Amino acid sequence: MDKQTTIDLTALLTTVAEISPAPESACYMAFRCDMARYERARDFLVGSGMVERNLDHSLTITDDGRAFADICNRALALAR
């Protein structure tokens, strides 16, 4: 996994943890409308059970996703 993919996953996961359900359109726009990057991050998080994709095209955080997002946020806070 490269650095950009790690950044994408962390950004999407922590955003969905903050705003759940998060509209996919807003998440996609945060990726500068790069559909391939967005879908790669979304599909990884959905496949790993950290995020659920809803029929209304929104993303919802799961309990596992929230726990991992908290770890990411703590690590980011220490790095600041």
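This is a predicted model: local features need pLDDT of at least 70, side-chain atom pairs count only at pLDDT 80 or more; totals for chains, interfaces and linings use all residues.

Trainee: How far apart are the end C-alpha atoms of helix 1, and what span should its 16 residues have?

Mentor: At 1.5 Å a residue, helix 1 (residues 3–18) should span 22 Å, and its end C-alpha atoms lie 23 Å apart, which agrees.

Trainee: Which residues of helix 1 are buried?

Mentor: Start with the general idea. An α-helix has 3.6 residues a turn, so residues three or four places apart point the same way. In helix 1, the buried residues are Asp8, Leu9, Leu12, Leu13, Thr14, Val16 and Ala17. Their cover includes strand 1 (22–23), helix 2 (24–30), helix 3 (35–47), strand 2 (51–53), strand 3 (58–61) and helix 4 (63–79).

Trainee: What volume does the largest pocket have, and what lines it?

Mentor: The volume is about 170 Å³. Among the lining residues are Asp8, Leu12, Pro23, Cys27 and Arg37. Helix 1, strand 1 and helix 2 each give two or more residues to that lining, with the largest share, four residues, coming from helix 1. By type, the lining has nine nonpolar, one polar and two charged residues.

Trainee: Which residues touch the most other members of the largest nonpolar core?

Mentor: Of its 16 residues, those are Leu12, Leu13, Val16, Leu45, Val51 and Leu59. Helix 1 gives this core its largest share, five residues. As for Val51, its contacts beyond four places in sequence include Leu13, Val16, Leu45 and Leu59.

Terms used:
Residues are numbered from 1 along each chain as its sequence is written. Side-chain values use heavy atoms; hydrogens and water are left out. The expected span of a helix is 1.5 Å times one less than its number of residues. Buried means under 20% relative accessible area, exposed over 50%, partly exposed in between (1.4 Å probe, protein chains only). Contact means heavy atoms within 4.5 Å. On a 1 Å grid over the protein atoms alone, a cavity is a set of points where a 1.4 Å probe fits but cannot get out, and a pocket is an open set with protein on both sides within 12 Å along at least five of seven lines; lining residues have an atom within 4 Å of a point. Grid points are joined across faces, edges and corners, and a volume is the space filled by probe spheres set on the points. Ala, Val, Leu, Ile, Met, Phe, Trp, Tyr, Cys and Pro count as nonpolar, Asp, Glu, Lys and Arg as charged, and the others, Gly among them, as polar. A nonpolar core is a set of buried Ala, Val, Leu, Ile, Met, Phe, Trp, Tyr and Cys residues joined through side-chain atoms within 4.5 Å.
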